[in-house]
Amino acid sequence: EVQLVESGGGLVQAGGSLRLSCAASGFTFDVAIGWFRQTPGKEREDISCISSSDSTTYYLDSVKGRFTISRDNSKNLVYLQMNNLKPEDTAIYYCAADWGPACSLSYYRRGQGTQVTVSS
């Protein structure tokens, strides 16, 4: 069974940091993995993606310079390091498996999400 499990969310003050983890299982880990976030009443926001070979990354403009995506293919893990967090980063964060090795931002499976709340 394809599974993606996020962890690492929580409550942090503005300017603080969190590191989200995404543990993948049940499929060959040779696809791109992305992170997106969602808040009630708003559309999904694609914030980052990393190709299967770790050679290509994508970042939403508003998180560039603050967030860093990485992956450990030996452990089937993807990380999202989030620094200098802002209240507008508050959302449920999901990791998701892309259809192929390159980032297309089109996903076939996502995890259950982890809540990130940034207080001002």
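Residues are numbered from 1 along each chain as its sequence is written, and side-chain values use heavy atoms, with hydrogens and water left out. Since the model is predicted, local features need pLDDT of at least 70 and side-chain atom pairs count only at pLDDT 80 or more, while totals for chains, interfaces and linings use all residues.

Strands here are DSSP runs (E, at least two residues; helices would be H or I, at least four), numbered from the N terminus, and two strands pair if DSSP finds at least two bridges between them.

Going into the pairings, β1 and β3 run antiparallel and are joined by five bridges, with A24 in β3 as the bridge partner of L4. In a regular strand the side chains alternate between the two faces of the sheet. β1 has L4 and E6 on a covered face, and Q3, V5 and S7 on an uncovered one. Next along, β3 (residues 18-25) pairs with β8 (residues 77-82) over six bridges, again in the antiparallel sense. Here S21 has Y79 of β8 as its bridge partner.

Another set of pairings involves β4. Five of the six residues of β4 are buried, so the strand is largely enclosed by the rest of the structure; buried means under 20% relative accessible area, exposed over 50% and partly exposed in between (1.4 Å probe, protein chains only). β4 is joined to β5 by five bridges, and the two run antiparallel. In this pairing W35 stands opposite S48 of β5. β4 and β5 form a hairpin with six residues between them, and G41 in the turn has a positive phi of about 85 degrees. β4 also runs antiparallel to β9 (residues 91-98), with six bridges between the two, and R37 stands opposite Y93 of β9.

Then come the rings. The structure holds four aromatic pairs; rings of Phe, Tyr and Trp (its six-membered ring) pair if their centres lie within 6.5 Å, with planes under 30 degrees apart counted as stacked, over 60 as edge-to-face and the rest as tilted. One of the pairs is F36 with Y107, which is stacked, at 6.1 Å centre to centre and 20 degrees between the planes. F36 lies in β4 (residues 33-38) and Y107 in β10 (residues 107-110), so this pair ties together parts that are 71 residues apart in sequence. Both F36 and Y107 are buried. Another pair, W99 with Y108, is tilted, with 5.1 Å between the centres and 40 degrees between the planes. W99 is exposed, at 60% relative accessible area, whereas Y108 is partly exposed at 28%.

Ring pairs also link F36, Y94 and Y107 into a cluster. The charged end of R44 sits over the F36 ring, 4.8 Å from its centre. A charge sits over a ring if NZ of Lys or CZ of Arg is within 6 Å of the ring centre and within 35 degrees of the ring normal. R71 has its charged end over the ring of F29, 4.4 Å from the centre.

Finally, a few single residues. T114, in β11 (residues 114-119), is buried, with a relative accessible area of 10%. Leaving aside neighbours within four places in sequence, T114 is in contact (heavy atoms within 4.5 Å) with residues including E6, L20 and Y93. S51 sits in the loop between β5 (45-50) and β6 and is buried, at 4% relative accessibility. With neighbours within four places again left aside, the contacts of S51 include A32, R71 and C103. G65, in the loop between β6 (57-59) and β7, is exposed, with a relative accessible area of 82%. G65 and I47 are 18 residues apart in sequence and 12 Å apart in space, C-alpha to C-alpha.
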